[in-house]
Amino acid sequence: VIPTMKFNIEFIVGISSLLIIVISIAKLILWDIYQLLIYKKTKIKKNIEYKISIVIPAHNEEKTIQKTVLSALGSIYKKKEIIVINDGSTDDTLRILKEIQLEYKNLIIIDKSNEGKASALNTAIFKYVTGDIVVILDADTKIDKRSLSEINLTFQNPEIIAASSNIRIAHPKKFIEWYQFYEYIYSCHSRGTQSMINSQYIIGGAGSIFRTDILKSVNGYKLNTLTEDIDMTLKIIQKYGNTKHSLGYISNSILYTDPVHNINDLVKQRYRWKLGLFIALYKYKSLIFQKTKIYSKLFTFVVYPLQYLSIFLSLFTPI
């Protein structure tokens, strides 16, 4: 009985893993085909060079902040500004930022008391940002030097009001880090296929991109939430819908983030993400089965309700 049970469990997990791999490859192929079709159909009348503001909230990020800021400053896209919010750090984060500023005079540093990431972002957005487009960059995430150019190209489409980036795990070494490496590939391209049917509901925090006027029109980030990125995405969808406006995915806007290094921290991170997702879904439950024309039926009757089911099923999914 025991060997049979062991075989069944291994068989189920193996088949599940194989299906995930097949689905991931299919999504990659579909996304590439979709990109080619869009490229052929897109006719840009006038190439607008938007000013792009990179906003980096930082609280006790002395180990990673220098590489992150230098990656932003190193972008080949010229029309940009870099804003870092030191959110009451008690380590050497502020000192490191000021040292960078000695060489890069255009670096904007905001030093404020610790009130959380959402508050830090709102301070930058409403008081310091002068760009047409805002890119939110986590303090442990490096941005590729070509990403801003790709962002500018994508936002030539006036229907796109927000977009997510292609996040990759930097330098995986241990098994748990490689696990996250492949997981991020899967999740990012899942957003790509969601954007194909205009049903993306999460613009991920690291590398999330918004038109500045859209962020301001919804009064910035909510302070009372575990996952400010999910809350912001759903708040934008609730106000603007997803038929005349689009939430995109920019596969060539590539960012590199550090992985979680041990199982305990990974569990804590994913628990926070799942709990934050559930709270946000419940908060915007009015989107379920919404018949208003600004929302697609595919989103309100299929994609959005299924997220509740996915949270329930995740409780029974093998690690």
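Which residues make a nonpolar surface patch of about 710 Å²? The patch is formed by Ile197, Phe289, Leu298, Phe301, Val302, Leu306, Leu309 and Phe312. Patches are built from residues with over 30% relative accessible area and no salt bridge, with like charges joined within 9 Å and nonpolar side chains (Val, Leu, Ile, Met, Phe, Trp, Tyr) within 5 Å. Areas come from the Shrake-Rupley method with a 1.4 Å probe, and for residues only the protein chains shown count as cover.

The model is predicted: local features need pLDDT of at least 70, side-chain atom pairs count only at pLDDT 80 or more, and totals for chains, interfaces and linings use all residues. Residues are numbered from 1 along each chain as its sequence is written, and side-chain values use heavy atoms, with hydrogens and water left out.

Helices (H or I, at least four residues) and strands (E, at least two) are DSSP runs numbered from the N terminus. Val302 is partly exposed, because its relative accessibility is 37%. Buried means under 20%, exposed over 50%, and partly exposed in between (1.4 Å probe, protein chains only).

Salt bridges number 10 in the structure. Each requires a side-chain nitrogen of Lys or Arg within 4 Å of a carboxyl oxygen of Asp or Glu. One of them joins Glu81 and Lys51 (3.6 Å, N to O). This pair links distant parts of the chain, 30 residues apart: Glu81 sits in strand 2 (residues 80–87), Lys51 in the loop between helix 1 (2–41) and strand 1 (52–58). Glu81 is buried at 7%, whereas Lys51 is partly exposed at 25%.

A second bridge, between Glu99 and Arg95, spans 2.6 Å, N to O. The two residues are about one helical turn apart, because they lie 4 residues apart in helix 3 (residues 93–103). Glu99 is partly exposed at 44%, and Arg95 is partly exposed at 42%. Arg146 and Asp144 also pair (3.4 Å, N to O). Here Arg146 is partly exposed at 44%, while Asp144 is buried at 17%. Asp87, Lys112 and Glu115 form a network of salt bridges.

His189 lies in helix 6 (residues 175–196). His189 is buried, with a relative accessible area of 12%. Its C-alpha atom is separated by 9.8 Å from that of Ser165, 24 residues apart along the chain.
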